[in-house]
Amino acid sequence: MGIVLGIESSCDETAAAIVADDRTIVAQAIASQDDAHAPYGGVVPEIAARAHAERLAPMIEAVMREAGVSLGDLDAVAATAGPGLIGGVMVGLVSAKALAMAADVPLMAINHLEGHALSPRLADPDLAFPYALLLVSGGHCQILRVDGVGRYRRLATTIDDALGEAFDKTAKILGLGFPGGPAVERLARDGNPQAVPLPRPLKGSAEAHFSFAGLKSAVLRAHATGQHPPADIAASFQQAAIECVIDRLGHSLGRMAPVPSLVVAGGVAANAAVRSALEGLAAKHGMRFSAPPPALCTDNAAMIAWAGQERLAIGAQADPLDVAARPRWPL
Ligand code: KG4
Ligand code: ZN
């Protein structure tokens with residue numbers, strides 16, 4: 001049985017995981033830094049890098065101990081090499097290089113977006129290539145056609161904010177704290193999604209792309225009137241955002257060669273309302289719908305280890321030990 005150690009440190013979660021080639025997550029740990037960043041209302045890169053540096057080594061040790069795995073048992077070490085906050089990425093990648101060298105196994109420098117893109121296959125053994133993927137996180141909002149490992153074609157992206165960013169900014173406006181997505185989702189359950197008139201940017205546009213900046217500004221203006229309960233604003237924002245996503249995705253699906261499955265991944269894929277709207281869209285298009293469990297949607301190391309497994313399975317080459325961390329790295 002092949003065993004891969006995965007490391008994730010590109011933003012504000014420090015994570016390590018051991019994943020087997022039969023899709024078993026043998027052991028994993030995630031330490032969120034929410035408390036450290038909350039006073040600033042967003043992730044502070046220097047604080048993040050220092051926290052990763054403090055936490056990662058003991059975490060890797062603990063995960064390996066829990067899995068009953070020693071260096072000699074590993075078949076590869078996979079780490080996020082970008083895109084992300086460069087200090088944090090470097091902490092994880094340098095650790096992975098040292099471990100790969102010590103264990104004399106391949107180093108897999110994983111694109112964080114590839115980790116998200118392949119994560120649905122970790123949870124769903126029946127999910128075969130090709131599939132249409134909505135990748136929605138704090139930094140990215142893309143529609144991709146995934147034809148295989150390393151074979152990604154981007155069909156749409158955002159011209160301004162990512163979807164998770166729009167949730168986070170809405171949360172900030174409503175004073176819900178950071179990170180905002182889960183808080184907006186919770187509050188939205190008590191609100192009326194039709195109560196606050198908000199725009200649906202680019203809905204119906206002939207262009208493929210997303211835009212959320214105008215929606216966020218409209219949320220700010222609606223809140224400033226003082227006329228709407230925060231729950232109504234949260235619910236109306238979420239509804240508008242979902243309608244945009246469904247419209248844009250419908251646009252892309254209508255223009256691509258048919259694929260059997262519609263898949264969602266990334267932090268916003270943890271949102272139950274988003275998931276159920278996508279499930280409806282998949283049914284309308286006669287597609288199978290697949291979404292990882294919420295814990296695999298937000299940043300984690302199991303998806304990075306799994307991307308390493310996927311690469312091993314196709315016989316991909318190891319990355320050289322001098323591979324660089326990349327703050328920007330389009331998929
Ligand atoms: O994938 P992820 O953990 O990190 C990035 O790679 O960016 O995504 C984090 C994003 C944040 O913007 C967070 O607010 C959003 O995902 N998010 C959610 C939910 N859970 C996380 N957005 C809406 N509803 C949620 N339940
Ligand atoms: Zn992510």
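In this predicted model, helix α5 meets helix α6 through Gly164, Phe167, Asp168, Thr170 and Ala171 on the side of α5, and through Gly181, Ala183 and Val184 on the side of α6. Sorted by class, the residues of this contact are four nonpolar, three polar and one charged. Two packed helices are described by the angle between their axes and the distance between the axes. For α5 and α6, the axes come within 8 Å of one another and cross at roughly 70°, and the two helices are therefore roughly perpendicular to each other. The handedness of this crossing is left-handed.

Helix α5, which spans residues 163-173, also packs against helix α8, which covers residues 230-255, and here the axes come within 11 Å and cross at roughly 170°. Because angles over 145 degrees count as roughly antiparallel, α5 is roughly antiparallel to α8. From α5 the contact draws on Leu163, Ala166 and Thr170, while α8 contributes Ala234, Phe237, Ala241 and Val245. The contact of α5 with α8 consists of six nonpolar residues and one polar residue, with no charged residues.

From α8 the reader can move on to helix α9, made up of residues 272-284, whose axis comes within 10 Å of that of α8 and crosses it at roughly 30°. That angle makes α8 roughly parallel to α9, and the crossing of these two helices is right-handed. On the α8 side the residues that meet α9 are Gln238, Ile242, Val245, Ile246, Leu249 and Gly250, and on the α9 side they are Ala273, Val274, Ala277 and Leu281. By class, this contact of α8 with α9 divides into eight nonpolar and two polar residues, and no charged ones.

Seen as a whole, the chain is divided into domain 1, formed by the stretches 3-117 and 296-313, and domain 2, formed by residues 130-291. The centres of the two domains, taken over C-alpha atoms, are separated by 27 Å.

The next topic is ligand 1, which is surrounded by 20 residues, the closest of them being Gly138, Gly164, Gly181, Gly267 and Asn271. Since domain 1 and domain 2 both give residues to the shell around ligand 1, the ligand lies between them. Helices α5 and α6 (181-188) each supply at least two residues of this shell, and α5 gives the most, with four residues. By class, the shell has six nonpolar, 10 polar and four charged residues.

Some details of the backbone complete the picture. The peptide bond that runs from Gly82 to Pro83 is cis, with omega near -10°, and Pro83 is found in the loop between strand β4 (76-82) and helix α3 (86-103). Another cis peptide bond joins Phe129 and Pro130, where omega is about -5°, and Pro130 has its place in the loop between α4 and β6 (131-136). Arg23, although it is not a glycine, has a positive phi of about 80°, and this residue is placed in the loop between β2 (13-20) and β3 (25-32).

Notes
Residues numbered from 1 in each chain as written. Chains lettered and ligands numbered in written order. Predicted model: local features only at pLDDT ≥ 70, side-chain atom pairs only at ≥ 80, totals over all residues. Axes fitted to C-alpha atoms, helices over the stretch in contact; angles between N-to-C directions. Parallel < 35°, antiparallel > 145°, perpendicular 65-115°, else oblique. Contact = placed C-beta atoms within 7 Å. Nonpolar A, V, L, I, M, F, W, Y, C, P; charged D, E, K, R; others polar. Domains from an automatic or database assignment. Near = placed C-beta within 6 Å. Left-handed = near helix turned anticlockwise from the far one by under 90°.
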